[in-house]
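Let's take a friendly walk through this protein chain. Have the structure open beside you as you read.

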Amino acid sequence: MSIGYRLKTIRKALDLNQTDFGARINLSQTTIGQYEKETRPITERVISQLVAEYNINEEYLRHGTGEMFVSHRADLVSELAQKLQLSEREQQLLLAYSTFPAEQRAMVLDFARDLFKKMQES
């Protein structure tokens, strides 16, 4: 089964047409159709957006392994919070951070690293 076929299967499981499926991540019906037919390769950015927006299991989308969808982000954060005994504020921070695209998460990590370094120096 190809990535295009899996994408179509996911879309149908969500009971969405190509227009509505693409609209949530600012893609046209034509682009979604091209991805499904594999006449246009799916970019890493689009894969990240699909995974984040629809709680798709990235391994399933890329390789066809595992479940089609992952638990909702808030459920995952809640599970982690229990295991790590995180406060409500820490949970909110983690949940917000998890919704950022990879580039923004990298910027946050760089900022945090620099902040910790400055704190250690003083």
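## Domain layout

Which domains does the domain assignment give for the protein chain? Keep in mind that this is a predicted model. The assignment gives domain 1, covering 3-63, and domain 2, covering 72-121. Taken over C-alpha atoms, the centres of domain 1 and domain 2 are separated by 27 Å.

Next, have a look at Phe111, which sits in helix 8 (residues 102-121). Together with Leu115, Phe116 and Met119, Phe111 makes a nonpolar surface patch of about 450 Å².

Is Phe111 buried or exposed? Phe111 has a relative accessible area of 59%, so this residue counts as exposed, the cut-off being over 50%.

Most residues other than glycine have a negative phi.

Asn26 lies in the loop between helix 2 (18-23) and helix 3 (29-37). The phi of Asn26 is near 60°, a positive value in a residue other than glycine. Asn26 is also exposed, with a relative accessible area of 73%.

Where is Glu38 found? Look in the loop between helix 3 and helix 4 (44-54). Glu38 is not a glycine, yet its phi is positive, at about 60°. Because its relative accessibility is 40%, Glu38 counts as partly exposed; that class runs between the buried limit of under 20% and the exposed limit of over 50%.

Conventions. Residues are numbered from 1 along each chain as its sequence is written. This is a predicted model: local features need pLDDT of at least 70, side-chain atom pairs count only at pLDDT 80 or more; totals for chains, interfaces and linings use all residues. Side-chain values use heavy atoms; hydrogens and water are left out. Domain bounds come from an automatic or database domain assignment. Patches are made of residues with over 30% relative accessible area and no salt bridge: like charges are joined within 9 Å, nonpolar side chains (Val, Leu, Ile, Met, Phe, Trp, Tyr) within 5 Å. Accessible areas come from the Shrake-Rupley method with a 1.4 Å probe; for residues, only the protein chains shown count as cover. A salt bridge is a side-chain nitrogen of Lys or Arg within 4 Å of a carboxyl oxygen of Asp or Glu. Helices (H or I, at least four residues) and strands (E, at least two) are DSSP runs, numbered from the N terminus. Buried means under 20% relative accessible area, exposed over 50%, partly exposed in between (1.4 Å probe, protein chains only).
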